[in-house]
Amino acid sequence: MNIPSFLLAFTFPPEPVKHAVDYITQPYYFITLSTAIFALMFVVYKWWTKPGVALALLALFCIFYFGSIADENFRSIVAKPDNVPITIMVISVMCCLWIAFRRAALNDSRISAGMPLLEEDRDDKVLVWPDLVYTELICLILATALLIVWAIVSKAPLEQPANPGYAPNPAKAPWYFLGLQEMLVYFDPWMAGVVYPGLIIVGLIAIPYIDVNPRGNGYYTIKERPFAISTWLFGFLILWVVLIFFGTFLRGPNWSFFGPYQYWDPHKQEALNNIDVSNFFWNIILNTARPTEKNNPIPVLPYWLVREWLGFVLMGFYFLVAPLLLRATVFRRMYENMGGIRYVIMVMLLLLMALMPIKMVLRWVFNLKYFIFLPEFNANL
């Protein structure tokens, strides 16, 4: 991709800012900052959705992003033909979020003032023929023309014919599977490739049956559906879009993390001394070997149960005791409205979703791999 010379003449952002960005894009800082911004997005949504504020934020983003193209390392990542659509996707998600939150902010203000909703205050119905068909036809023609121009200007990133003796470094899945590929770092393949994708589908199917609150149906709002909207958006933005961002822009050779202004050094190796909960208990705390079939301190129990007892206790508390504590505290009113069955389904899906960021942070900070390590049954968690 050819960059205009006047852009290359810029030295924006300054080097200290680049180092700061590389520092905060380390995964544990980045996910923490993303979560904080996500929470702040709901707290001050009536402020940042104002057109003036939104345009100022967009202008700052564009200045920072396109100004950074002058940096060779940044440009080598974002200008890859495979990565250009991801940039468009991120900007598109931002625009769609702004539209939804802006209309929600206006609706919530109108509800508080006793005014009718935006969707009720105007009649925007049109005839399918000819109005809607003509509009769709024009959009189809424009989109086709745009894709043709894009295909001519930006060549397809075709590589050499498949060669079993050569593997690219890093070997990345298509962008829509990068979230799953990132999950494989923290979970076994059966969890990351089967269980979690299945739970996503089952959870989306179950939403209308779990949450039967009629408020918010057919119109935008945040105030009337804060839990449902924030939970869904957390799963979509933090646990999917951010993971795609990780895999696209921050995962370099050897699947190591690199800052956006860092050179992707293929010789960089991150030593990860992965430990499990059982390893932490037996090897580090007790300073002894983990139980085996021949060395079982409690022969009446299976050696794998003795070895992994702490992991079973932690997961038992997480999936059995935590729902009861939540029912008695944070989700007490929700339990009364939903009933026992729907509450159990909802809280289990919520805890499974929360398990992903928990494992991610524990892996980054403590190199913790598994809570329960059962290679005997090929079942690790």
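**View 1. Helix H10 supplies the largest share of a nonpolar surface patch, 6 residues.** This close-up, like the others here, comes from a predicted model. The patch is formed by Ile-200, Ile-201, Leu-204, Ile-205, Ile-207, Tyr-209 and Trp-232. Together these residues have about 760 Å² of accessible area. Keep an eye on Tyr-209, which lies in H10 and returns in the next view among the residues that meet H16.

**View 2. Helices H10 and H16 pack at an angle of about 145°.** Here we look at residues 189-210 (H10) and residues 340-366 (H16), whose axes are 11 Å apart. Their crossing is left-handed. From H10, the residues in contact are Tyr-196, Leu-199, Gly-203, Tyr-209 and Ile-210. H16 brings Arg-342, Ile-345, Met-346, Leu-349, Leu-352, Leu-355 and Met-356 to meet them. Sorted by class, this contact has 10 nonpolar residues, 1 polar and 1 charged.

View 3. Pro-130 belongs to helix H8, which covers residues 128-153. Pro-170 sits in the loop between H8 and helix H9 (178-183).

**View 4. Trp-255 has a positive phi.** Most residues other than glycine have a negative phi. For Trp-255, phi is near 60°. You will find Trp-255 in the loop between helix H11 (226-250) and helix H12 (277-285).

Technical notes:
Residues are numbered from 1 along each chain as its sequence is written. This is a predicted model: local features need pLDDT of at least 70, side-chain atom pairs count only at pLDDT 80 or more; totals for chains, interfaces and linings use all residues. Side-chain values use heavy atoms; hydrogens and water are left out. Axes are lines fitted to C-alpha atoms, for helices over the stretch in contact, and angles run from 0 to 180 degrees between N-to-C directions. Helices (H or I, at least four residues) and strands (E, at least two) are DSSP runs, numbered from the N terminus. A crossing is left-handed if the near helix is turned anticlockwise from the far one by less than a right angle, and right-handed if clockwise. Contact means heavy atoms within 4.5 Å. Ala, Val, Leu, Ile, Met, Phe, Trp, Tyr, Cys and Pro count as nonpolar, Asp, Glu, Lys and Arg as charged, and the others, Gly among them, as polar. Patches are made of residues with over 30% relative accessible area and no salt bridge: like charges are joined within 9 Å, nonpolar side chains (Val, Leu, Ile, Met, Phe, Trp, Tyr) within 5 Å. Accessible areas come from the Shrake-Rupley method with a 1.4 Å probe; for residues, only the protein chains shown count as cover. A salt bridge is a side-chain nitrogen of Lys or Arg within 4 Å of a carboxyl oxygen of Asp or Glu.
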